[in-house]
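Open the model in your viewer and keep the sequence panel beside it. The stops below each begin with a selection and then say what is there.

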Amino acid sequence: MPALATPPLLVIAHRGASGERPEHTLEAYRLAIAQGADFIEPDLVPTRDGVLVARHENALSGSTDVADRPEFADRKARKKIDGVWIEDWFAEDFTLVEIRQLRARETRPDVRAANTAYDGRFGIPTLEEVVALAKAEGERLGRPIGIYPETKHPTFFLHEGRHLDGTPIAMDTSAMLVDALVALAFTDPARVFIQSFEIDNLRRLRHTLMPRAGVELPLVFLIGDTSGQSDPTTTNFGQPYDLVWFAAKGDDLAARYGALAATVPGFGAATHYGELVTPAALSALRGDVDGLGPWIASLVQASPAPAGAADPRPRLGASMAPWLAEARRLGFAVHAYTVRAEPPYRFVDADGVEQAPEALVRQLAAAGVTGVFADQPGLAVGVREALRLEAASRTSR
């Protein structure tokens, strides 16, 4: 990890160049590579027949035209995903052949109206196709292109979830990912990060699945809302869902989570992300993962707009989260998500002055963040190059 855990800033294309093309399409990934991204990020969910495809969620209606297809009307279902009830069409109830019939759509049409011009033009890629694109574009451009896959809802797919017909899904997407990367001969640790919001599957990857496959890839623990205020009945963003699941099942958490369980007071179903970034918790996590992927709002300690404020956007905190310095001291790579250029996603300062996305990237880099996920990767690449030129100018004086 040394080369990956230190500057210069890595640019990870968040779902591809998702600010400019419908997310998780080959076209979004290809544009991101053209803009200079180091890594492209495929979030992965399985089909009914066990193929990993790139979607941000297993719920399909927000990113495809599935709701407009009468032949799939009977696939609509109500499922509890990581503690939250959702009514939708789900990838695990479609075979790959059926998934191939769906067409991608812009997921934020109210903010990215221009992207709706591409609705219906692109399909849903498999992991194999994403890797093939990274290989081909890397060879064409003469520079390595990495992938940064996320295993979505691993506890749901392996333990809790059921297909539409009631049968258990029982798919170990972490094992499926490792097996696929081995089969595709894409296991260079400088070109693959594996990320997850859950801890159990990261530990299984580190201590069981990757050693069994003879590979060693860097692992990144994604960190959501660290405030401890998220409502688990309406969002899964406040705590790792695997803790909720295994605690409810009466599992031996000390055996499953090792040193972390002994480090965090009251470790269990109520443990939230904020309790997992204390110095003691970070030290325990360092034995299991190589990097942290914090939500930028938590990292910059943003707070909601004051009641009655004319501008509803979050206010920047006075300083960066104090745990960042400890994470860097421990040698973690820190890859923050997500830089978005559109005004609705920007922070404002205490005086209500809007922060430009370029300024946000600079702030993160100056604080020691080693990589950023960006919906417009070209923007982040531009800032990185400017920082390099400025550094070179200083050293030449």
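A nonpolar core here is a set of buried Ala, Val, Leu, Ile, Met, Phe, Trp, Tyr and Cys residues joined through side-chain atoms within 4.5 Å. Buried means under 20% relative accessible area, exposed means over 50%, and partly exposed lies in between (1.4 Å probe, protein chains only). The model is predicted, so local features need pLDDT of at least 70 and side-chain atom pairs count only at pLDDT 80 or more, while totals for chains, interfaces and linings use all residues. Residues are numbered from 1 along each chain as its sequence is written, and side-chain values use heavy atoms, with hydrogens and water left out.

**Cores**

Select Ile147, Phe221 and Leu364. In the largest nonpolar core, which has 104 residues, these three touch the most other members. Then move to Leu10, Phe39, Tyr337 and Phe373, which are among the nine residues of a second, separate core.

**Helix α2**

Select residues 26-34, which form helix α2. Helices (H or I, at least four residues) and strands (E, at least two) are DSSP runs, numbered from the N terminus. An α-helix has 3.6 residues a turn, so residues three or four places apart point the same way. Now show what covers the buried residues of α2: the cover includes strands β1 (10-13), β2 (39-40) and β4 (52-54), and helices α4 (127-141) and α15 (377-396). After α2 comes Gly36, with a positive phi near 105 degrees.

**Thr64**

Select Thr64, in the loop between β4 and β5. Thr64 is buried, at a relative accessible area of 1%. Two polar contacts can be drawn from its side chain (N or O atoms within 3.5 Å; within protein, one able to donate a hydrogen and the other to accept it, and residues adjacent in sequence counting only if both atoms are side-chain atoms). A polar atom of the Thr64 side chain lies 2.9 Å from the backbone oxygen of Leu60, and one lies 3.2 Å from the backbone nitrogen of Val66. Contact means heavy atoms within 4.5 Å. Not counting residues up to four places away in sequence, Thr64 touches Arg55, Leu102, Arg103, Ala104, Arg105 and Ile124.

**Salt bridges**

How many salt bridges does a search of the whole structure find? The search returns 30, a salt bridge being a side-chain nitrogen of Lys or Arg within 4 Å of a carboxyl oxygen of Asp or Glu.

Select Asp93 and Lys79, whose side chains form a salt bridge with an N to O distance of 3.0 Å. Asp93 sits in the loop between β6 (84-88) and α3 (96-99) and Lys79 in strand β5 (residues 77-81), so the pair ties together parts 14 residues apart in sequence. Asp93 is buried at 8% relative accessible area, and Lys79 is buried at 7%.

Next select Arg204 and Asp172, a salt bridge with its closest N and O atoms 2.9 Å apart. Arg204 is in helix α7 (residues 200-213) and Asp172 in the loop between α5 (154-160) and α6 (173-183), so this pair links distant parts of the chain, 32 residues apart. Both residues, Arg204 and Asp172, are buried.

Asp290 is in the loop between α11 (279-285) and β11 (291-294) and Arg206 is in helix α7, so parts 84 residues apart in sequence are tied together. Arg206 and Asp290 are buried. Then select Asp172, Asp200, Arg204, Asp251 and Arg256, which salt bridges with shared partners join into one network.

**Glu150**

Select Glu150, in strand β8 (residues 150-151). Is Glu150 buried or exposed? Glu150 is buried, with a relative accessible area of 5%. Leaving aside neighbours within four places in sequence, its contacts are Glu41, Pro42, Asp43, Leu44, Gln195, Ser196, Phe197 and Leu222.

**Backbone exceptions**

Most residues other than glycine have a negative phi, and most peptide bonds are trans. Select Tyr337 and Thr338, joined by a cis peptide bond with omega about -5 degrees. Thr338 belongs to strand β12 (residues 333-339). Ala170, in the loop between α5 and α6, has a positive phi near 50 degrees. Finish at Gln301, in the loop between α12 (296-299) and α13 (323-329). Gln301 is not a glycine but has a positive phi of about 55 degrees, and counts as partly exposed at 36% relative accessibility.
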